[in-house]
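Trainee: I have a model open and want to learn how to read its features. Where do we start?

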Amino acid sequence: MQFEERESKTILITGAGRGMGYATAKHLQAQGHDLVLTARTEESFQRIKKDFPDALHFKVDLTNDEDLNSFLTRLKSKVKKLDVLINNAGEFVESAFAESTLADFDRMYKLDVRAPFMVTKEAVPLLRKANAPIVINMSSVAAVGQYPKVAAYSAAKAALTKITEVARKDLEEDGIRFTVIHPHQVNTWNDKQGDRMLRPDDIAELIGFIINTHPNCQVLRVDVSSIKPVRQE
Ligand SMILES: NC(=O)c1ccc[n+]([C@@H]2O[C@H](COP(=O)([O-])OP(=O)(O)OC[C@H]3O[C@@H](n4cnc5c(N)ncnc54)[C@H](OP(=O)(O)O)[C@@H]3O)[C@@H](O)[C@H]2O)c1
């Protein structure tokens with residue numbers, strides 16, 4: 001049995017309406033945790049309200065400053081303590097370097113770097129109130145490897161990985177643990193070669209393990225891949 005397996009935690013997951021965020025919310029709901037979930041689109045928002053009726057639900061576009069600030073204000077008025085923050089929302093745009101656009105670059109930086117930076121910073125007072133707080137940042141293998149056609153995405157995820165490492169140092173005296181995950185090819189879009197890829201549930205189960213480790217145990221970084229990933233040209 002893992003440490004504190006039965007203790008209910010308050011867990012915020014951004015981008016919980018589909019993909020890995022949804023799978024993680026399902027997994028953690030089954031473990032009996034209290035969930036705080038965000039979605040951007042109306043479709044995802046309705047899904048989290050229906051499938052996680054006991055959770056707190058927020059509709060927020062994390063790239064929009066007004067929306068982001070309003071979300072953070074509402075979050076702090078409704079949640080008094082946060083055990084786990086999972087910065088999951090992200091956007092992947094593939095484009096050959098010469099054809100890439102500044103608009104895509106800026107949007108990915110806003111969502112994959114600026115938003116987790118702000119959400120984490122504002123959540124620190126809530127995390128400090130928890131017994132064994134953890135922040136999990138969903139980066140990508142693109143942050144550490146070299147893949148074609150993803151310069152802006154890779155740069156944004158590398159920035160998120162670096163923020164994780166430095167925030168960990170700054171907040172270690174507060175007992176806030178930081179984990180960065182670098183997944184490679186998770187089938188969140190029903191790919192026809194999906195059986196060669198990771199399942200969203202693999203990431204959900206990994207997160208379930210990380211949040212149940214002993215408060216003195218810090219999982220720094222997880223690089224995770226299927227055993228036969230789809231070849232990238
Ligand atoms: N899938 C992979 O192979 C893979 C590999 C490495 C890393 N990752 C990273 O893992 C995370 C989850 O990936 P995924 O494949 O599960 O993603 P996904 O299925 O594409 O879903 C993206 C999630 O991000 C949310 N989102 C997108 N733009 C947003 C915005 N402007 N404001 C707020 N939320 C926004 C979406 O909300 P709505 O549903 O409301 O649109 C959705 O919940 C991402 O950070 C991704 O970069 C994925």
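This is a predicted model: local features need pLDDT of at least 70, side-chain atom pairs count only at pLDDT 80 or more; totals for chains, interfaces and linings use all residues.

Trainee: Which residues in the largest nonpolar core touch the most other members?

Mentor: Leu35, Leu37 and Leu85, out of 56 residues in that core. Helix α4 (residues 102-128) contributes the most to this core, six residues.

Trainee: What is leucine 35 in contact with, beyond its neighbours within four places in sequence?

Mentor: Its contacts are Ile11, Ile13, Ala25, Leu28, Gln29, Phe52 and Ala55.

Trainee: Now the ligand. How many residues surround it?

Mentor: The count is 25, and the closest are Gly15, Gly19, Arg40, Ser44 and Gly90. Helix α1 (residues 19-30) supplies the largest share, three residues.

Trainee: In what sense do strands β6 and β7 pair?

Mentor: Parallel, over four bridges, with β6 spanning residues 177-183 and β7 residues 221-224.

Trainee: Last, a loop residue. Why is glutamate 94 classed as partly exposed?

Mentor: Count neighbours. Buried takes 20 or more other C-beta atoms within 10 Å, and exposed takes 12 or fewer. Glutamate 94 has 13, so it is partly exposed.

Trainee: Where is glutamate 94 found, and what does it touch?

Mentor: Glutamate 94 sits in the loop between β4 (84-87) and α4. Not counting residues up to four places away in sequence, it touches Lys149 and Val150. Aspartate 104 is ten residues from glutamate 94 in sequence and 9.6 Å away in space, C-alpha to C-alpha.

Key. Residues are numbered from 1 along each chain as its sequence is written. Two strands pair if DSSP finds at least two bridges between them. Helices (H or I, at least four residues) and strands (E, at least two) are DSSP runs, numbered from the N terminus. A residue is near a molecule or strand if its C-beta atom, placed from the backbone, lies within 6 Å of it. A nonpolar core is a set of buried Ala, Val, Leu, Ile, Met, Phe, Trp, Tyr and Cys residues joined through C-beta atoms within 7 Å. Two residues are in contact if their C-beta atoms, placed from the backbone, lie within 7 Å.
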